[in-house]
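Please read it alongside the sequence and the coordinates.

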Amino acid sequence: MKLSTLSLTTLSLLPSFIAAVAIPEIASRDETLVKRGGEVSYLANCQRSDGKSSYTASYAAWYSNVDFSQSGHDSPNSLSNEYRNWDAGGDYLHWEGQPQDLYFKESAATLSTHIDSDAGTRQFTAYAGWAQRNTDGKKFNCYKSARCRTFGMEPHSELRTYGKATTSIQNLPNELLSAILYVSIQDLSPSLNRVQELSTVSSHWRAVAEGTPLLWSRVTGDDPLRAVVRALEKSKDASLDIRYDFTGGRRSITEVGESLRAVCAHIDRWQHASIIVLWIPEGLLEDLALRTAPRLETFRLRVTLWTDVTLTLFQGVPSQRLKELDIYRIATRWDENQFRNLRALAVTSNGVCGPSLAELLPVLQNLPELEELTLGPLQHPYGDSIDGPSQQPITLHALSSLTIEGGGLVGVVDIASCLRAPVCRNLKVVGEIFREGIPLDIPAELEMGVYHFIPTIRSNMEEGERVTIRVTKHLQVHGETSLAKLLFFAGSGALPIAKWMMNNIPGRDTEIELTVELPVFSKEHLVSLVSSHPNPRITKLDIRLVEHGGSSIVHYLSSPDSALARGGAWPLPYLTGLAASDVDLARILHMLRARARGTGSDGVIGPQAISELEIRSFDTDSALDGDLMLEIGKFLRENGGTLIGHPGFL
């Protein structure tokens with residue numbers, strides 16, 4: 001191996017202290033040089049060069065005999081690691097007034113230097129400081145040296161640094177440099193541009209990059225065709241990571257087709273592949289159908305503009321390695337045993353052709369390791385019939401995460417009713433409560449389709465966790481816990497769905513946060529929601545977006561209701577938080593006082609006092625409303641409560 005050269009520079013080229021001769025201490029400190037011992041060390045600031053480029057560095061060079069250091073040709077018997085002062089941009093170490101520790105790899109010794117702060121101004125051979133070796137405790141006097149020489153040697157990598165790593169990356173073994181380059185291009189797109197940039201740093205880097213197939217194994221949709229072809233060649237037999245997303249419209253139809261044809265010629269090397277396109281380029285489905293992918297572990301194929309072609313992936317050959325599969329708006333069919341080792345599956349039909357739910361269920365039943373399942377709108381599962389599910393439900397024993405997103409063609413309850421997931425910890429159900437546009441019998445359909453998930457939802461709830469139920473102005477109904485989310489597009493059935501959720505999702509002692517964003521929501525609506533529940537633990541009620549009916553609810557909360565129990569019972573007795581707007585402030589104050597002093601009797605629960613009140617809208621120009629807000633804020637503070645939303649009244 002050709003050794004790089006260390007050139008010990010002369011005094012005239014350096015702005016400060018250059019070198020000191022460290023000699024075993026045979027005279028007292030701060031004395032002139034009186035005798036030279038057998039061994040000697042030079043503290044040296046050097047120029048390191050490979051003939052094409054150079055940089056500055058500092059070393060300690062040790063000679064076993066002082067005479068060996070005078071010939072002008074001999075290399076030192078031991079050279080310390082290389083050091084550079086990165087606080088000064090990679091310059092020499094600053095010796096004067098700054099203790100330094102220099103490590104010798106062969107002997108595992110450290111030489112600690114203590115050079116005087118003004119040593120750089122002293123005369124040749126003058127005392128400059130002292131040093132000590134840690135292995136034997138030997139101390140050295142240091143003297144100013146003005147003449148330096150050149151020697152050829154390959155220094156060791158450093159084991160310590162000043163501010164940051166000082167090892168020259170040019171000296172790293174090829175295997176380590178290759179690994180560093182590979183890590184540096186991760187999460188960069190397009191990655192091939194980065195690889196090509198790294199190849200221009202030096203001839204060494206170019207040789208390492210071009211000799212590392214893994215660096216060229218990731219191809220993205222942002223890479224130009226020429227770069228893709230080059231990468232496929234240089235990646236040799238390495239497994240490929242394909243990441244194509246052409247939905248941004250940056251590439252023409254021709255460019256997309258040519259790039260995909262290039263990578264599809266190497267399907268047998270695909271390990272991870274994600275192809276997201278607006279339309280199906282010519283030849284893509286044929287390649288996916290006629291070629292096999294024995295190395296494939298994850299595969300995603302998503303198309304915005306659907307096609308009526310039905311695809312059988314990879315000749316229908318069983319794939320032992322495939323763990324994740326995501327098919328969106330592509331009619332796909334596969335044998336029940338083709339992907340038996342799947343752990344994550346996402347399937348969304350284009351609504352015109354397969355797969356149907358009836359076709360998919362036998363496949364799901366043969367996936368014993370399936371942990372994550374996402375089902376989007378599917379082709380109608382029951383042929384021409386719209387009478388509802390007839391399939392016996394299947395149990396997915398390993399499933400921990402389930403997302404069902406139904407549509408108008410097949411209601412979410414149709415899909416949910418066919419699945420059982422006893423260990424599911426993450427559940428998301430989103431869909432319309434319709435079948436072919438016909439409203440369903442909501443309680444019956446939810447009982448059939450969703451209720452069997454309720455025990456699992458409850459068992460996964462944290463102690464003290466609150467269930468959130470929200471009815472939006474768009475007639476969506478949300479029922480959420482920390483691990484489960486039910487969302488239905490309900491139309492006129494919004495309040496019945498919210499009522500079903502309130503009666504079924506919470507456990508007996510589970511708190512409920514109810515939010516209603518409908519334009520009209522009155523006392524009668526609230527009573528209808530809670531009437532069938534023996535005692536709903538609604539602790540927070542948010543009616544801020546209700547435009548009409550809010551004041552009637554506040555009035556309802558102000559006194560016992562004889563319809564709830566003989567002698568009257570307080571509505572929502574567990575309520576401690578209320579958010580409202582456009583309500584009569586006098587009624588608000590009356591309600592706060594009434595519930596604060598209200599009591600229960602004969603087994604009837606007394607009300608909790610409101611401790612958190614949020615009022616978002618009132619007449620700020622009205623002196624009366626201003627006085628009432630001050631009175632409300634004062635009352636809440638005196639009773640340990642909080643008024644939210646208006647700093648002037650807190």
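**Salt bridges and burial**

Arg 295 is buried, with a relative accessible area of 18%, where buried stands for under 20%, exposed for over 50% and partly exposed for values in between, computed with a 1.4 Å probe on protein chains only. This is a predicted model, in which local features need pLDDT of at least 70 and side-chain atom pairs count only at pLDDT 80 or more, whereas totals for chains, interfaces and linings use all residues. Residues are numbered from 1 along each chain as its sequence is written, and side-chain values use heavy atoms, with hydrogens and water left out.

**Salt bridges**

- The structure holds 17 salt bridges, each defined as a side-chain nitrogen of Lys or Arg within 4 Å of a carboxyl oxygen of Asp or Glu.
- One of them joins Asp 237 to Arg 295, with the closest N and O atoms 2.9 Å apart.
- Because Asp 237 lies in the loop between helix H4 (225-234) and strand E12 (240-245), and Arg 295 in the loop between helix H6 (284-290) and strand E14 (298-303), the pair ties together parts that are 58 residues apart in sequence; helices (H or I, at least four residues) and strands (E, at least two) are DSSP runs numbered from the N terminus.
- Arg 593 is partly exposed, with a relative accessible area of 32%, and Glu 631 counts as partly exposed at 32% relative accessibility.

- Arg 122 is partly exposed, with a relative accessible area of 23%, and Asp 116 counts as partly exposed at 25%.

**Buried helix residues**

- In helix H3 (residues 203-210), the residues Trp 205, Val 208 and Ala 209 are buried.
- These three lie on the same side of H3, because they cover an arc of only 95° around the axis, the arc being that of the directions from the helix axis to the C-beta atoms.
- Asn 504 lies in helix H11 (residues 494-504) and is buried, with a relative accessible area of 11%.
- Leaving aside residues up to four places away in sequence, Asn 504 touches Glu 447, Tyr 451, Ile 454 and Arg 458, a contact being heavy atoms within 4.5 Å.
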